[in-house]
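Hi there,

Here is the structure I promised to pass on to you. Please have a look at it first, and then read my notes below.

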Amino acid sequence: MYPEVPRIFWKESRFLDHCIQRGTRYFERIATRESYILFLRQKAEPNTPWYTLEVEPGGTIRQKRSYNNEQYADLEDAKLFLAEWQQVIQQRMSVAEIGFAEKSRAARMREFDELKEKGSVIRTGSHAGQLLVDELMRDLMEVEQSAG
């Protein structure tokens with residue numbers, strides 16, 4: 001990872017006030033190719049943070065978060081684009097990338113099982129008190145499998 005990348009992620013997360021700035025979990029996932037962080041921008045404002053995405057190697061979107069770790073109605077404007085983007089990713093995957101995607105999905109499923117077992121609860125924001133795994137499952141945007 002380039003030295004400026006963590007700073008860029010931190011700056012984005014700080015601006016949007018979401019969880020990337022609060023730990024190393026996402027950097028660990030990037031290092032093991034479990035997931036990647038992408039910045040989603042509106043065409044009219046390409047330099048203004050809008051949504052931060054956590055994406056698995058096969059294009060499955062684990063999280064889509066904006067200001068205060070939330071999703072807003074404006075995300076509906078991007079969902080068709082994101083679904084089309086996922087299909088392009090699927091069509092371009094190499095055998096190695098398919099393997100990373102399978103490992104990432106398995107890791108996600110293990111994490112969801114652990115969160116269910118622990119009963120982990122969201123502590124802040126509009127979802128405070130709800131089970132974290134339920135929110136993560138609602139956030140999930142799985143890609144239709146077309147590669148392989």
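This is a predicted model: local features need pLDDT of at least 70, side-chain atom pairs count only at pLDDT 80 or more; totals for chains, interfaces and linings use all residues.

Let me begin with glutamate 142, which is partly exposed at a relative accessible area of 41%; partly exposed covers the range between buried, under 20% relative accessible area, and exposed, over 50% (1.4 Å probe, protein chains only). Its partner is arginine 105: the two side chains meet in a salt bridge at 3.8 Å, N to O. By salt bridge I mean a side-chain nitrogen of Lys or Arg within 4 Å of a carboxyl oxygen of Asp or Glu. Arginine 105 sits in helix 4 (residues 95-118) and glutamate 142 in the segment after helix 5, so the pair, 37 residues apart, links distant parts of the chain. Arginine 105 is also partly exposed, at 41% relative accessibility.

Residues are numbered from 1 along each chain as its sequence is written, and side-chain values use heavy atoms, leaving out hydrogens and water.

Now the overall picture. The chain has five helices and three strands, in the order α-α-β-β-β-α-α-α from the N terminus. These elements are DSSP runs numbered from the N terminus, helices being H or I of at least four residues and strands E of at least two. Of the 148 residues, 38% are buried. The accessible surface is about 9300 Å², with 53% of it belonging to carbon and sulfur atoms (Shrake-Rupley method, 1.4 Å probe; for residues, only the protein chains shown count as cover).

Arginine 65 pairs with glutamate 135, their closest N and O atoms 2.8 Å apart. Because arginine 65 lies in strand 3 (residues 61-65) and glutamate 135 in helix 5 (residues 132-139), this pair ties together parts 70 residues apart in sequence. Both arginine 65 and glutamate 135 are buried. The other joins arginine 41 to glutamate 12, with 2.9 Å between the closest N and O atoms. Here the loop between strand 1 (36-40) and strand 2 is linked to helix 1 (residues 4-16), across 29 residues. Glutamate 12 is buried at 5% relative accessible area, whereas arginine 41 is partly exposed at 26%.

What makes up the largest nonpolar core? Ten residues do: Leu40, Trp50, Tyr51, Leu53, Val55, Ile61, Leu75, Ala78, Leu82 and Met141. A nonpolar core here is a set of buried Ala, Val, Leu, Ile, Met, Phe, Trp, Tyr and Cys residues joined through side-chain atoms within 4.5 Å. Strand 2 (51-55) and helix 3 (76-92) each supply at least two of its residues, and strand 2 has the largest share, with three. Apart from this core lies another of six residues, among them Phe9, Ile20, Ile30 and Ile37.

Finally, take a look at serine 66, in the loop between strand 3 and helix 3. Serine 66 is buried, at 1% relative accessibility. Beyond its neighbours within four places in sequence, serine 66 is in contact (heavy atoms within 4.5 Å) with Leu16, His18, Trp50, Tyr51 and Tyr72. Tryptophan 50, with those neighbours likewise left aside, has contacts including Leu16, Arg41, Arg65 and Ser66.

Enjoy exploring it!

Best wishes
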